[in-house]
Amino acid sequence: MSALRIERDGGTLRITIAKPERRNAFDAALIAELHDAFADVGDARAVVLAGDGPSFCAGADVEWQRSAIDLTFEENVDDALRLYRMLETVDSCAAPVVARVQGYALGGGSGLVACADVAVAAADATFGFTEVRLGIIPAVISPFVLAKIGAGARRYFLTGERFGAADALRIGLVHEVAEDLDAAVEGVVGELLQAGPEAARAAKRLVREPLGTGDELARIAARLRTSPEGQEGLRAFLDKRKPSWLV
């Protein structure tokens, strides 16, 4: 059975990890499914990543960890690369990604949160980079986490301690803590759907990729302004009407 539930709701693609009995923890099959789901989101204008049940994603599945104990060095490299490539695919997803986070988001689960463009957490969500307590380190998730929270990782990578939503908000791992999680997520999605579809994707590339020279940035701006979508958006503003993507 699939570990994911994928649903299309208008311009929104909803990808839900559906293993609540395992706290939505990673194993090889789930990693492969997440990679494939985010590799091609079609023309979705927003992607909501969620987890069924009381937890978002509690890190690595215990049975998967047990089976990995006897892997050779090269097999471990391959295993880690599959996780990295999945996270990279989420991080580089063409459409904006919103994470809906409740309960546990530990280890790789916190790494998955770091890959989202916008992360909204329940007040009782629990985070942690707990790898050092198992004698290992969060190497694979580190590029995504460091890009998100920078120096905030120094304490939590070293101690492996768990921390709550308020601290996750303080260090920038999440963007909002909400009592009504669904309402807050839908509010973010609603804001994303106000944007021009191509403009939203271009804005995401602008944030993720190194800034170019002034000449390069001017050409990017000019390309968007002269595109059909840019022309429609500017004319709609001047005409005091809704642009075509909102009609």
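**Core contacts, pockets and backbone of the predicted model**

Leaving aside residues up to four places away in sequence, valine 98 is in contact with Val47, Val48, Leu49, Val118, Val185, Val188 and Leu192. Contact here means heavy atoms within 4.5 Å. The model is predicted: local features need pLDDT of at least 70, side-chain atom pairs count only at pLDDT 80 or more, and totals for chains, interfaces and linings use all residues. Residues are numbered from 1 along each chain as its sequence is written, and side-chain values use heavy atoms, with hydrogens and water left out.

Valine 98 belongs to strand β4 (residues 97–101). Strands (E, at least two residues) and helices (H or I, at least four) are DSSP runs, numbered from the N terminus. Valine 98 is buried, at 0% relative accessibility. The classes are buried (under 20% relative accessible area), exposed (over 50%) and partly exposed (in between), with a 1.4 Å probe and protein chains only. The C-alpha atoms of valine 98 and valine 47 are 6.1 Å apart, across 51 residues of sequence.

Leucine 13 sits in strand β2 (residues 12–17). Its relative accessible area is 10%, so leucine 13 is buried. Beyond residues up to four places away in sequence, leucine 13 touches Ile6, Glu7, Arg8, Val41, Ala44, Ala46, Val47 and Val48.

Pockets were considered next. On a 1 Å grid over the protein atoms alone, a pocket is an open set of points where a 1.4 Å probe fits, with protein on both sides within 12 Å along at least five of seven lines; lining residues have an atom within 4 Å of a point. Grid points are joined across faces, edges and corners, and a volume is the space filled by probe spheres set on the points.

The largest pocket holds about 970 Å³ of space. Its lining comprises 31 residues, with Ala60, Gln65, Glu131, Leu134 and Ile136 nearest the centre. Two or more lining residues come from each of α2 (62–68) and α3 (73–91). Helix α3 gives the most, with five. By class, this lining has 18 nonpolar, six polar and seven charged residues. Nonpolar covers Ala, Val, Leu, Ile, Met, Phe, Trp, Tyr, Cys and Pro; charged covers Asp, Glu, Lys and Arg; the others, Gly among them, are polar.

The second largest pocket has about 470 Å³ of space. Of its 18 lining residues, Asp91, Ala116, Asp117, Val207 and Arg208 are the closest to the centre. Helices α4 (108–115), α5 (142–149) and α9 (197–208) each supply at least two. The most come from α9, with five. This lining has 13 nonpolar, no polar and five charged residues.

Helices α10 (residues 214–226) and α11 (residues 228–239) pack at about 70°, with their axes 4 Å apart. Axes are lines fitted to C-alpha atoms over the stretch in contact, and angles run from 0 to 180 degrees between N-to-C directions. The two helices are therefore roughly perpendicular (65 to 115 degrees). Leu224, Arg225 and Thr226 of α10 meet Pro228, Gly230, Gln231 and Leu234 of α11.

Most residues other than glycine have a negative phi. Arginine 23, not a glycine, has a positive phi of about 55°. Asparagine 24 also has a positive phi, near 60°. Arginine 23 is partly exposed, at 41% relative accessible area, whereas asparagine 24 is buried, at 0%.

Key. Angles under 35 degrees count as roughly parallel, over 145 as roughly antiparallel, 65 to 115 as roughly perpendicular and the rest as oblique.
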